[in-house]
Amino acid sequence: MPKPEYEVHVPQGEWRPAGGEVDGIWEQILSFDSDTGDYTRLLRFEPGVDSSPNGTFTHDFWEEVFIVEGDLTDLRLGNTFETGMYACRPPGMPHGPWRSEGGVLMLEIRYGFPQ
């Protein structure tokens, strides 16, 4: 089933642990397409979270990320990203691990999952 149609509204989904070995990383799924695996979510790191135990990520799908508020440091690159910054990651692009000093809220869109 394709992603559902929503008019502008306040999302009602619950916040749940985003997975991995690190506590304090939460996700709220905004929309999901069960046919393709594509989804849109909010991702939140609590202040002080360090995702190093999860390692560096690469995906076999596209990922777009917009930082709604807060800070996020890519520990591998040594770069800190802040509110209003955007990333578009093609399949295979390494990123992370991450640390957030003050916490961060991101909008993330993932698509192009292999069929």
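This is a predicted model: local features need pLDDT of at least 70, side-chain atom pairs count only at pLDDT 80 or more; totals for chains, interfaces and linings use all residues.
User: Which parts of the chain does the pair of Phe81 and Trp98 tie together?

Analyst: Phe81 belongs to strand β5 (residues 79–82) and Trp98 to strand β7 (residues 98–99), so the pair links parts that are 17 residues apart in sequence.

User: Are Phe81 and Trp98 buried or partly exposed?

Analyst: Buried means under 20% relative accessible area. Trp98 has 8%, so Trp98 is buried, while Phe81, at 23%, counts as partly exposed.

User: Which charged residue lies over the face of Trp15?

Analyst: That's Arg44, at 4.3 Å from the ring centre.

User: Let's go on to strands. How do I read the pairing around β3?

Analyst: Look at the sense of the pairing and the bridges. Strand β2 (residues 25–32) and β3 run antiparallel over seven bridges, and β3 and β8 also pair in the antiparallel sense, over seven bridges. For landmarks, Glu27 stands opposite Leu43 in β3, and Thr40 has Ile109 in β8 as its bridge partner. The hairpin of β2 and β3 has six residues between the strands, and Gly37 there takes a positive phi near 85°.

User: What should I expect of side chains along a strand?

Analyst: In a regular strand they alternate between the two faces of the sheet. As for cover in this model, six of the seven residues of strand β3 (residues 39–45) are buried.

User: Now Arg110. Where does Arg110 lie, and is Arg110 buried or exposed?

Analyst: Arg110 sits in strand β8 (residues 104–111). With 12% relative accessibility, Arg110 counts as buried.

User: What does Arg110 touch, leaving out residues up to four places away in sequence?

Analyst: The list is Asp38, Tyr39, Arg41, His59, Phe61, Trp62 and Glu63. Tyr39 and Phe61 are also members of the ring cluster.

User: Which side chains make polar contacts with the side chain of Arg110?

Analyst: One is Glu63, at 2.8 Å. Another is Glu108, at 3.1 Å.

Note on methods. Residues are numbered from 1 along each chain as its sequence is written. Side-chain values use heavy atoms; hydrogens and water are left out. Helices (H or I, at least four residues) and strands (E, at least two) are DSSP runs, numbered from the N terminus. Buried means under 20% relative accessible area, exposed over 50%, partly exposed in between (1.4 Å probe, protein chains only). Rings of Phe, Tyr and Trp (its six-membered ring) pair if their centres lie within 6.5 Å; planes under 30 degrees apart count as stacked, over 60 as edge-to-face and the rest as tilted. A charge sits over a ring if NZ of Lys or CZ of Arg is within 6 Å of the ring centre and within 35 degrees of the ring normal. Contact means heavy atoms within 4.5 Å. A polar contact is a pair of N or O atoms within 3.5 Å; within protein, one must be able to donate a hydrogen and the other to accept it, and residues adjacent in sequence count only if both atoms are side-chain atoms. Two strands pair if DSSP finds at least two bridges between them.
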